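Below are some notes for a colleague going through this model. Please read them alongside the sequence and the coordinates.

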Amino acid sequence: MQRKLMLSTKALTLHHEFILLDKLANSLNNLAILYFQCHRYREAVPLFREALTLLTAFFDPEVPLRKSVRGNLAAALHKMPDSPHPTI
């Protein structure tokens, strides 16, 4: 019984951490979008990259937010004047 409780607690903790990572990635993406909309691409790009790094490390490639962040990063890199060939 004690082992089941310990495993359940561990599973709940991991689930909570994944939820927090998802929310963090979403918040980074949202802040980067605000910078992008203000034409502050140099500030947006690192935030998009950080969000994408989190999503790539911990979530399935088919997660919609991951695809969205990747597209947002590509758009921001394309808008930067010194980045004629954007790399993600």
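This is a predicted model: local features need pLDDT of at least 70, side-chain atom pairs count only at pLDDT 80 or more; totals for chains, interfaces and linings use all residues.

**Notes on the model**

1. N26 is partly exposed, at a relative accessible area of 33%; here buried means under 20% relative accessible area, exposed over 50%, and partly exposed in between (1.4 Å probe, protein chains only). N26 lies in helix α1.

2. Residues are numbered from 1 along each chain as its sequence is written, and side-chain values use heavy atoms, with hydrogens and water left out.

3. Overall layout. The protein has three helices and zero strands, and its elements run α-α-α from the N terminus on. Helices (H or I, at least four residues) and strands (E, at least two) are DSSP runs, numbered from the N terminus. Of the 88 residues, 27% are buried. The accessible surface is about 6400 Å², and carbon and sulfur atoms account for 63% of it; areas come from the Shrake-Rupley method with a 1.4 Å probe, and for residues only the protein chains shown count as cover.

4. Contacts along the chain. Taking contacts between residues at least 6 apart in sequence, 52% join residues at least 24 apart. A contact means heavy atoms within 4.5 Å.

5. Core. The largest nonpolar core holds 21 residues, and those touching the most other members are A25, V45, F48, L55, L65, V69 and L73. Two or more residues are given to this core by each of α1 (2–37), α2 (41–58) and α3 (64–79). Helix α2 supplies the largest share, nine residues. A nonpolar core is a set of buried Ala, Val, Leu, Ile, Met, Phe, Trp, Tyr and Cys residues joined through side-chain atoms within 4.5 Å. Leaving aside residues up to four places away in sequence, L55 touches A25, L65, R66 and V69.

6. N29. This residue is also placed in helix α1. N29 is buried, with a relative accessible area of 3%. Beyond four places in sequence, N29 touches F48, A51, L65, S68, V69 and N72.

7. R66. R66 is found in helix α3. A polar atom of the R66 side chain lies 3.2 Å from the backbone oxygen of F59. Apart from residues up to four places away in sequence, R66 touches L52, L55, T56, F59, D60 and P61.

8. Salt bridges. A search of the whole structure finds two; the criterion is a side-chain nitrogen of Lys or Arg within 4 Å of a carboxyl oxygen of Asp or Glu. One joins the side chains of R40 and E43, at 2.7 Å from N to O. R40 is partly exposed at 38% relative accessible area, and E43 is partly exposed at 34%. Another joins K67 to E62, with the closest N and O atoms 2.9 Å apart. K67 counts as partly exposed at 48%, whereas E62 is exposed at 52%.

Notes:
A polar contact is a pair of N or O atoms within 3.5 Å; within protein, one must be able to donate a hydrogen and the other to accept it, and residues adjacent in sequence count only if both atoms are side-chain atoms.
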